Number of protein chains: 2
Amino acid sequence: MYYIGVDIGGTGIKTGIVKDDYTLIDKSSIPTDKSFDYKIIVNDIAKQIDDLIAKNGISKDEVGAIGIGCPGAINSEKGIVDYANNLYWEEVPLAPALAEVTGKTVKISNDANVAALGETKCGAGKKYHDTVLITLGTGVGGGVVIENKLFEGFESKGTELGHVVIVRNGEQCSCGRKGCLEAYASATALIRDTKRAMEKDKNSLMWKFSPSLDKVDGRTSFECAKQGDATAQKVVDEYIEYLGEGISNFVNIFRPQAILLGGGVCAQGEYLTKPLKKFVHENTYGGKNIPEPEILIATLGNNAGIIGAASLVIPD
Amino acid sequence: MYYIGVDIGGTGIKTGIVKDDYTLIDKSSIPTDKSFDYKIIVNDIAKQIDDLIAKNGISKDEVGAIGIGCPGAINSEKGIVDYANNLYWEEVPLAPALAEVTGKTVKISNDANVAALGETKCGAGKKYHDTVLITLGTGVGGGVVIENKLFEGFESKGTELGHVVIVRNGEQCSCGRKGCLEAYASATALIRDTKRAMEKDKNSLMWKFSPSLDKVDGRTSFECAKQGDATAQKVVDEYIEYLGEGISNFVNIFRPQAILLGGGVCAQGEYLTKPLKKFVHENTYGGKNIPEPEILIATLGNNAGIIGAASLVIPD
């Protein structure tokens, strides 16, 4: 049997065919209709699925069900997108609408949640059943898997792991609070802190890597730290400490078997995970009898959304 | 059918008979054997249970199973107390040992966990299935119930909700980290902050309520704030803001239907919950479509440990 994973974003919709062993057979991408009318988008997705299975010689009967990952606040039980600001959606019954058009069972969850499930089912966390995924991108997203099932909180409104205050009255966060993990551990925060450090040290190697402040990205500090620049190293060290503080909190709260890291900053691999593991080891609760989680980089990359969405409907 | 709840502490062991409708029939208390030899304690508990059911005219056959709440790090799946510092226990197979002596099924969990389960099954949270209990006592404990079941984390080592950093590099916590919720929201922290405020303001009404610093307790600031003392009010306001910051984090993480507050500080009732609810409303993630949790004072009081322990084994 084949399953469909749909990864909805504000600019594009990626859809893939995933086998029940989690192999990605094929995928396609279409632009998100700019009217953001969900009925148009639902029809677009249905056609995209039809085209993709036809191209791969798969009949409709061979498709078991459809999973959707979507940004925003989702009520997964009802299949409704309560609110998705980059799609201009409020109270959109996306799953029932796609189910009606396709005649298939459709499940939906938040994009970070499906990534967590996908990474646990067949990615970095496949050896484990209790995991926490943290995505380090423009923002900080989170997904939690408990005993191989997605944990979403009441009406699927939990696991906003980026919006956990670690520095009371600290940096302003996009959510309105101050001092959230996102305000320190997102790529956006890393870039802000890199720029601040560069402004204070005009001799830093970082000015060679990124000759103007608008060229600074999430790699600037890491790459220059690797080349021995002390100012860059300090930016990296502080970034890792803030992220480590957040991860240590999640370990004390969820005590997962593994922390999975996704998002752009993860390209740093061991430069990120090695010092993080040390920090978390030193800062989590308990003694020698307490199991220590692995800290791993997510492996599904750009396909995490599609495979994760499909994993909502692939049976165990 | 009747069930037994056993609430183990460093000084005493409370045992109760609980009906399957969660009515507490009778209870007794014995001192904890000071050798802390678990085999002696297991025999003491077995005798305590025998005496209690005999006194109440209940036969052994009418006892369904036994639940235990115990402080420390527990592996509930194996029934082992991995570590309990106030009992001087390490790797103690408490549940299997009591099962062998009594011939009954025995389950065990951490004391804050069983309190959370008990309060959700038949206390302040009985209308809800997704709750977070926070106990505000000498330390800050936590328990999480998801879909009417205790969530404990891998090897039952999660939900250390007191040990979540909310103020990076803040007050020293007993766990070794700095800035944990426990270091701000425990009764111990409240007393510390009350003393600090009194030392700074020799005219505060708090000096009348607690004439010397060693007389200060968790009520000092609250009671004097009620009488209009500005310095006391500031202590209370700050305490509530720190606690509110922690609760807002837990709401964003777990999105429970209700937050349940236990422990000594909760005697303040609405003086605590009303401003807390305002803070949490203003500081949690999401808009109008997001369900807002109730904030409620735990109602089982001194029986929370017994009833909670029994709730580990009372069938749904």
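The model is predicted, with local features needing pLDDT of at least 70 and side-chain atom pairs counting only at pLDDT 80 or more, while totals for chains, interfaces and linings use all residues. Residues are numbered from 1 along each chain as its sequence is written, chains are lettered from A in the order in which they are written, and side-chain values use heavy atoms, with hydrogens and water left out.

The side of chain B that touches chain A draws two or more residues from each of strand E6 (80–84), strand E7 (89–92), helix H8 (230–254) and helix H9 (270–283) of chain B; helices (H or I, at least four residues) and strands (E, at least two) are DSSP runs, numbered from the N terminus. H8(B) gives the most, with nine residues. By class, this side of chain B holds 20 nonpolar, eleven polar and 13 charged residues, where Ala, Val, Leu, Ile, Met, Phe, Trp, Tyr, Cys and Pro count as nonpolar, Asp, Glu, Lys and Arg as charged, and the others, Gly among them, as polar. In total, 44 residues of chain B are in contact (heavy atoms within 4.5 Å) with 44 residues of chain A. The area buried between the two chains (accessible area, 1.4 Å probe, lost on putting them together and summed over both) is about 3900 Å², and carbon and sulfur atoms give 56% of this area.

Six salt bridges (a side-chain nitrogen of Lys or Arg within 4 Å of a carboxyl oxygen of Asp or Glu) are counted between chain B and chain A. One pairs Glu241(B) with Arg168(A), with the closest N and O atoms 2.5 Å apart. Over all chains the count is 34 salt bridges. Within chain A, Asp316(A) forms a salt bridge with Lys121(A), at 2.4 Å between the closest N and O atoms. This pair links distant parts of the chain, 195 residues apart: Asp316(A) lies in the segment after helix H10 (304–311) of chain A, and Lys121(A) in helix H3 (residues 111–122) of chain A.

Helix H8 (residues 230–254) of chain A packs against H8(B) at an angle of about 70 degrees, with the axes 13 Å apart; axes are lines fitted to C-alpha atoms, for helices over the stretch in contact, and angles run from 0 to 180 degrees between N-to-C directions. H8(A) and H8(B) are therefore roughly perpendicular (65 to 115 degrees) to each other. Phe250(A), Ile253(A) and Phe254(A) meet Phe250(B), Ile253(B) and Phe254(B) in this contact, and its residues divide into six nonpolar, no polar and no charged.

Note on methods
Angles under 35 degrees count as roughly parallel, over 145 as roughly antiparallel, 65 to 115 as roughly perpendicular and the rest as oblique.
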